[in-house]
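Have the sequence and the structure open as you read.

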Amino acid sequence: MRVKGTYSITENMGCYDLEIDYEYYHKAPTHYDPFEDRLDIKQVRLNGMDITKFYWDYLNEDMYDEVYEYATENKYETI
């Protein structure tokens, strides 16, 4: 199952708004295949400005686990 979503952080009374668009794929385990999942970050915006390259260069290590946790918790919600 593939799920597309957006992880958002709004801080300091709206001074900055960080949005991370992702695609989360998961496949339930079967007798023959183990559980499989993958998170792909598609685009990152800060106050509407595309900072995807900056995210990959400097923020991915710090934020990936938060986005992954959010994606797995919300994988059945329709967005």
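What follows is a short tour of the charges in this predicted model.

## The salt bridges

Start with Arg-45, whose side chain meets that of Glu-19 in a salt bridge at 3.2 Å, N to O. Glu-19 lies in strand 2 (residues 16-27) and Arg-45 in strand 3 (residues 36-46), so this pair ties together parts that are 26 residues apart in sequence. Asp-21 also meets Arg-45 in a salt bridge, here at 2.6 Å, N to O. Since Asp-21 belongs to strand 2 and Arg-45 to strand 3, that pair ties together parts 24 residues apart in sequence. Put together, Glu-19, Asp-21 and Arg-45 are linked in a network of salt bridges.

## Buried or partly exposed?

Glu-19 comes out at 23%, so it counts as partly exposed.

Another salt bridge joins Asp-40 and Arg-38, with their closest N and O atoms 3.3 Å apart. Asp-40 is partly exposed at 24% relative accessibility, and Arg-38 is partly exposed at 36%.

## A negative patch

Now for the surface: Glu-61, Asp-62, Asp-65, Glu-66, Glu-69 and Glu-73 form a negative patch there. One of its members, Glu-69, sits in helix 1 (residues 52-73). Glu-69 has a relative accessible area of 48%, so it is partly exposed.

Note on methods. Residues are numbered from 1 along each chain as its sequence is written. This is a predicted model: local features need pLDDT of at least 70, side-chain atom pairs count only at pLDDT 80 or more; totals for chains, interfaces and linings use all residues. Side-chain values use heavy atoms; hydrogens and water are left out. Patches are made of residues with over 30% relative accessible area and no salt bridge: like charges are joined within 9 Å, nonpolar side chains (Val, Leu, Ile, Met, Phe, Trp, Tyr) within 5 Å. Accessible areas come from the Shrake-Rupley method with a 1.4 Å probe; for residues, only the protein chains shown count as cover. A salt bridge is a side-chain nitrogen of Lys or Arg within 4 Å of a carboxyl oxygen of Asp or Glu. Lys and Arg count as positive and Asp and Glu as negative; His and the chain ends are not counted. The place of a charge is taken as NZ of Lys, CZ of Arg, CG of Asp or CD of Glu. Helices (H or I, at least four residues) and strands (E, at least two) are DSSP runs, numbered from the N terminus. Buried means under 20% relative accessible area, exposed over 50%, partly exposed in between (1.4 Å probe, protein chains only).
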